[in-house]
Amino acid sequence: MDKNDPLRLDNQLCFPLYACSREIVKLYRPWLDDIGITYTQYITMMVLWEEEKVSVKILGQRLHLDSGTLTPLLKKLEAKGYLRRQRSDEDERVVLACLTDEGRALKERAKHIPCEMAECLQSFSKEDAKELYRLLYKLIGIMDELEKK
């Protein structure tokens with residue numbers, strides 16, 4: 001077995017990122033199940049809780065989701081009453097996702113989730129978390145630049 005084999009799983013940066021992402025989402029599941037949304041719906045709502053109203057294009061950019069993924073996601077959240085989609089008054093080509101009163105109420109039901117996650121990961125130091133956050137966003141920036149080429 002060649003430890004330097006470029007196709008060896010242990011030599012891949014993408015695998016621990018993938019595995020960690022899956023495990024983190026799995027940790028969220030019990031709390032998200034309690035409020036009836038998926039992780040992707042949760043991060044979508046986080047943007048809406050910040051912005052109240054955002055264009056679907058900007059939402060997709062913030063979440064790194066393409067329209068084929070985002071459109072059905074928004075339809076489901078709209079069916080649950082958490083947002084509504086409408087055309088912009090300034091430019092009818094622009095579709096906006098707008099937070100509803102039900103969406104605001106969902107924020108209240110979700111407030112405890114970040115603390116619950118922090119509790120689960122308390123053995124991961126704040127310093128390590130900050131460094132990982134910095135490195136992941138650096139990597140995302142690199143990926144964004146590659147995508148533009």
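Reader: What makes threonine 100 a contact partner of residues elsewhere in the sequence, and which residues are they?

Author: The model is predicted. In it, threonine 100 is in contact with Gly81, Tyr82, Leu83 and Arg84, leaving aside its neighbours within four places in sequence. Contact here means heavy atoms within 4.5 Å.

Reader: Where does threonine 100 sit?

Author: Threonine 100 is in the loop between β3 (95-99) and α5 (101-110).

Reader: Why is threonine 100 called buried, rather than exposed?

Author: Its relative accessibility is 12%. Buried means under 20%. The value falls under that cut-off, so threonine 100 counts as buried.

Reader: Why is glutamate 52 called partly exposed?

Author: Its relative accessible area is 33%. Buried is under 20% and exposed is over 50%. The value lies in between, so glutamate 52 is partly exposed. Glutamate 52 belongs to the loop between α2 (39-51) and β1 (53-55).

Reader: What about histidine 64: what is its phi, and where does it lie?

Author: Histidine 64 has a positive phi of about 60°, although it is not a glycine. Its place is in the loop between α3 (56-63) and α4 (67-79).

Reader: Why does histidine 64 count as partly exposed?

Author: Its relative accessibility is 47%. Exposed would need over 50%, and buried under 20%.

Reader: How do helix α1 and helix α6 pack?

Author: Helix α1 (residues 14-35) and helix α6 (residues 113-120) pack at an angle of about 145°. Their axes are 11 Å apart. The crossing is right-handed.

Reader: Which residues make that contact?

Author: From α1 come Ile24, Leu27, Tyr28, Trp31, Leu32 and Ile35. From α6 come Ile113, Glu116, Met117 and Cys120.

Reader: How many of the residues in the contact of α1 with α6 are nonpolar, polar and charged?

Author: Nine are nonpolar, none is polar and one is charged. Glu counts as charged, so Glu116 of α6 is the charged one.

How values were computed: Residues are numbered from 1 along each chain as its sequence is written. This is a predicted model: local features need pLDDT of at least 70, side-chain atom pairs count only at pLDDT 80 or more; totals for chains, interfaces and linings use all residues. Side-chain values use heavy atoms; hydrogens and water are left out. Axes are lines fitted to C-alpha atoms, for helices over the stretch in contact, and angles run from 0 to 180 degrees between N-to-C directions. Helices (H or I, at least four residues) and strands (E, at least two) are DSSP runs, numbered from the N terminus. A crossing is left-handed if the near helix is turned anticlockwise from the far one by less than a right angle, and right-handed if clockwise. Buried means under 20% relative accessible area, exposed over 50%, partly exposed in between (1.4 Å probe, protein chains only).
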